[in-house]
Amino acid sequence: KSIHQKARTSPYPRTKDIIRTKVADDNVPWKVEYDYKPVKYTSESVLKGPVWADPDIKPGDKHNIQFNTVDNNVNRTSFICKYEVVNSLPRNPMGRTGLTGRGSLGRWGPNHAADPIVTRWKNKDKKILQFVAVQRKDNGEWAIPGGMVDAGEVVSQTLRREFGEEALNTLEADSSEKKHIEQSLDRLFHSGTEIFKGYVDDPRNTDNAWMETVAMNFHDELGDSAGLFELNAGDDAMSVQWMDITNKSKLYASHEHFIQSVAQLHKAEW
Ligand code: RP5
Ligand code: MG
Ligand code: MG
């Protein structure tokens, strides 16, 4: 079950008619040779060239992106390995996805994200953990309120910023609310535990662009800090709630896997 699944699903997110070329489990690894003809897709919003996106590259084109290194404030290294660059384009180290181009991802190669897993106990008996979950606007799935690491940003900033934007709606808060929120965030994000660092089986991944993340847990043991937050969905989240962590949770991308590790860390029920 370690090979990517969601990265091979169709239709491609936010499209109706972009259907990935089928890749059988056995054909996922690049070392398996066969007549592979993936479909090609990069979304209009990426091709328009916003700040968060790289320029378009055709196979074989000359370009000045430096892969497998930090290039112009963008981390293009992978947590998994030194990835291959074939015909000018980076190759997904987890194997084929049935689609070339970038889909809706801005960066060629790894697209780095950060996932803040904010937890509290449901009851005084400390059996069931809850985490702050958001419902994603793009597909309605429940997820950790994570987001992309901006150019020049450090991961600790991304974790805090994305939690603020998606779970507390800081983008629409007035300055006094913002000040209050920032004080609570100072306390909560002061110390966290790393849960995961690596490849995410994200439905947006392609043969040439993929998600990688650092997931960190920020836990409110006494229920007197994060536990008291006034949750307010914002930015790319349409709702937000404290969600019980159970083995029945169905979450976006590889997020189930991350919350399972959090349950284990705190010896909570699963
Ligand atoms: C997932 O996509 C990551 O784990 C993170 O939660 C998220 C980042 O993308 P956006 O929320 O910015 O779309 O792969
Ligand atoms: Mg966001
Ligand atoms: Mg997000």
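In this predicted model, the axes of helix α2 (residues 155-167) and helix α3 (residues 175-188) approach to within 11 Å of each other and cross at roughly 135°. That angle makes α2 oblique to α3. The handedness of the crossing between α2 and α3 is right-handed. On the α2 side, the contact is made by R160, F163 and G164, which meet E182, L185 and D186 of α3. Sorted by class, the contact of α2 with α3 comprises two nonpolar, one polar and three charged residues.

Attention now turns to strand β8 (residues 129-136). Eight of the eight residues of β8 are buried, so this strand is largely enclosed by the rest of the structure. In a regular strand the side chains alternate between the two faces of the sheet. Both faces of β8 are covered. One side carries L129, F131, A133 and Q135, the other carries Q130, V132, V134 and R136, and all of these residues are buried.

The pairing partners of β8 can be taken in turn. Strand β7 (residues 109-121) runs antiparallel to β8, and three bridges join the two. Within this pairing, T119 has F131 of β8 as its bridge partner. Strand β13 (residues 237-244) also pairs with β8 in the antiparallel sense, over seven bridges. Here Q130 finds its bridge partner in D244 of β13. Strand β9 (residues 142-143) is joined to β8 by two bridges, and again the two run antiparallel. The bridge partner of V134 in β9 is A143. Together β8 and β9 form a hairpin with five residues between them. In the turn of this hairpin, G140 has a positive phi of about 75°.

S43 sits in the loop between β1 (39-42) and α1 (44-47). Its relative accessibility is 6%, so S43 counts as buried, the cut-off being under 20%. Beyond its neighbours within four places in sequence, S43 is in contact with G103 and S104.

A7 belongs to the segment before β1. With a relative accessible area of 0%, A7 is buried. When neighbours within four places in sequence are set aside, the contacts of A7 are R20, T97, Y199, D201, D202, P203 and N205. One of these contacts, T97, is 90 residues from A7 in sequence, yet the C-alpha atoms of A7 and T97 are 5.9 Å apart in space.

H266 is placed in the segment after α4 (255-265). Not counting residues up to four places away in sequence, H266 touches T119, W121, L129, N217 and H219. H266 and I18 are 248 residues apart in sequence, with a C-alpha to C-alpha distance of 41 Å.

Notes: Residues numbered from 1 in each chain as written. Chains lettered and ligands numbered in written order. Predicted model: local features only at pLDDT ≥ 70, side-chain atom pairs only at ≥ 80, totals over all residues. Heavy atoms only, no water. Axes fitted to C-alpha atoms, helices over the stretch in contact; angles between N-to-C directions. Helix = DSSP H or I, 4+ residues; strand = E, 2+ residues; numbered from the N terminus. Parallel < 35°, antiparallel > 145°, perpendicular 65-115°, else oblique. Left-handed = near helix turned anticlockwise from the far one by under 90°. Contact = heavy atoms within 4.5 Å. Nonpolar A, V, L, I, M, F, W, Y, C, P; charged D, E, K, R; others polar. Buried < 20%, exposed > 50% of the residue type's maximum accessible area, 1.4 Å probe, protein only. Pairing = 2+ DSSP bridges.
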